[in-house]
Structures are given as structure tokens and as C-alpha cells.
Amino acid sequence: MSRQIIAWIQAAPMALVLLGFLVAPIIMIVIVSFWGATEYSIYPAFQFDNYEFLFGSPVTYTVFFNTFKYALLTWALTLVIGFTVAYFLAFEVRSLKWQIGLFLLCTIPFWTSNIIRMISWIPFLGRNGLANSALISWGVIDEPLEWLLFSDFSVVLAFVHLYTLFMVVPIFNSMMRIDRSLLEAARDCGASGLQTLWTVIVPLCKPGIMIGTIFVSTLVMGDFITVRFMSGSQRANVGRLISNDISLLQYPSASATAVVLLCTVLIVIALLLRLVDIRKEL
């Protein structure tokens, strides 16, 4: 019994932090989502006008579709890139020093802010940017490609650039925990490299893949600044919708949208957690 009391006492500070900085703000957002608003003020109430307007507007479904589209495309690309990089670091690089050095090399972009890394694509992808200039000089195209910048392509490219490391780290961690004798046993049984990858490595990396999936999908679904800059304000996602409501001082409407987005993200995470037990990685 005393051990339980000691455990509760040790957990109390962290519980208070979570209550104060996570649970309380979420409760406040839920409460405000039922308030009313005019052009110049908001007032306490309990009404469903914000949710009725949200679900009754076709813009909402378009924005949520764009959000899921960006999340799915970014997840697929970061998974392919992240798995490849993690595999190279875990199985192809033999020296621990080189593994650490190359892994730290992957973190160099994070030494600058997300906005700087994101905006750095604009002069590269622009109509007169480096990419178009190089393709024209090589004779690949006759005129600049308009879709390289301020399009879905540029938005997804920026997302992949920003969040690939969040997929690399958990997958690399899973791969480093794989017993190398299992790979040797698979080779001794006559399995090819592809068969070993698919039947041994991938199943053992599922917890890491799921952790990376949760990281990437939640970050993309909550992001708004990337969509704004990289689409030239021509595209929108849920985060951008919330940001616009806040700029117009429509806090109840923004709160209602945030609650729906939070519920959507929690549903996605719950479905992912039912597929794989990620507690093995914790």
C-alpha cells in the first residue's frame, strides 16, 4: 500500500502539468465551441450554431478532404523515404560512429526554423527558379512548369521535407532492436533479401512505423502555415480554417472546428493503435 502512495506522489507533479497544460485548455476549447459570436464580440451560451454551420457548409468537407489528402500523400512519401534511410543506417552502415554521424546529419535541417526551411523552396520551385531554369537549359521542357510552386505538389513537398525525420527516428529505433541472428536464420533458410525484408524486418518494424505514422499524420493535419505559404493562399486545410476564424476573432467557430479536428485525429490514432501494440517501443 505504501508503494502505491509513493507512486501516486511521484506521479502527482506530472499529472498536475498535464491537467494544467493539456486537459484544461482542451476543456476550455470545448466550452467555447458552444458559445455565440457577433461581428464584434463573443458571449457565453450553450448552442449548437457553430457545429450546425460547420457541418452544413460544403467548404468544411472540401477542407477536410484536402487535409486528409495532404496527410495521406505525406505519410506515403515519408514512409518510403524514412524506411529507406532507416534501413540504410541500421543495416548497411556497420560502424556505430558512422551511424551516429549520419543520423546527426539528418537532423541538420532542424537547426533552422520550419518557416525558413519551407520558404527556401520558393526560389527553387518558382517560375524563374533553379528547377525550371535547369530543366529549360537541359532541353527537357520548353517553358516553365507552373505547377511546381503554389500547388498541391509544393505543399506536399514541403510537408515531406519538414516531417520525414519524424518517420525515420522510430523506424530506425525499431530496426536497431532487431536481433541480427533472425536475419542470418532467414538467409540460412534460403530467403532472398526481399523475402527477408518483407517477412522479418517489416513485421518487426510495425511499432516504429505506427509511431511515425501518428507523428506525421497529426503534424500534417494540424499544420496551417505550410499550406498558406506553399500554396500561395490558393489551398486550405483545417488548420488554415481555424487560423482564419481566429484572425477574424470568431473564437467559438474556431473552437468548434478544432474540436472536430481533435476528434478526427483521436479516431485515426485509436484505429492505428488497434492495429499494432506500440507499447513495445515505449
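Guide: Let's start with F150, which sits in the loop between helix 7 (130–137) and helix 8 (152–163); helices here are DSSP runs of H or I with at least four residues, strands are E runs of at least two, and both are numbered from the N terminus. Bear in mind that this is a predicted model, where local features need pLDDT of at least 70, side-chain atom pairs count only at pLDDT 80 or more, and totals for chains, interfaces and linings use all residues. Residues are numbered from 1 along each chain as its sequence is written, and side-chain values use heavy atoms, with hydrogens and water left out.

Visitor: What is the phi of F150?

Guide: Most residues other than glycine have a negative phi. F150 is not a glycine, yet its phi is positive, at about 55°.

Visitor: Is F150 buried, partly exposed or exposed?

Guide: Buried means under 20% relative accessible area, exposed means over 50%, and partly exposed is in between (1.4 Å probe, protein chains only). F150 has 34% relative accessibility, so it counts as partly exposed.

Visitor: How many salt bridges does a search of the whole structure find?

Guide: The criterion is a side-chain nitrogen of Lys or Arg within 4 Å of a carboxyl oxygen of Asp or Glu. With that, the search of the whole structure gives three.

Visitor: How far apart are the closest N and O atoms of K69 and D152?

Guide: K69 is in helix 3 (residues 58–92) and D152 is in helix 8, so to speak distant parts of the chain, 83 residues apart. Their salt bridge has its closest N and O atoms at 2.9 Å.

Visitor: What is the N to O distance between R127 and E146?

Guide: R127 lies in the loop between helix 6 (122–125) and helix 7, and E146 in the loop between helix 7 and helix 8, so the pair ties together parts 19 residues apart in sequence. Their side chains meet in a salt bridge, N to O, at 1.9 Å.
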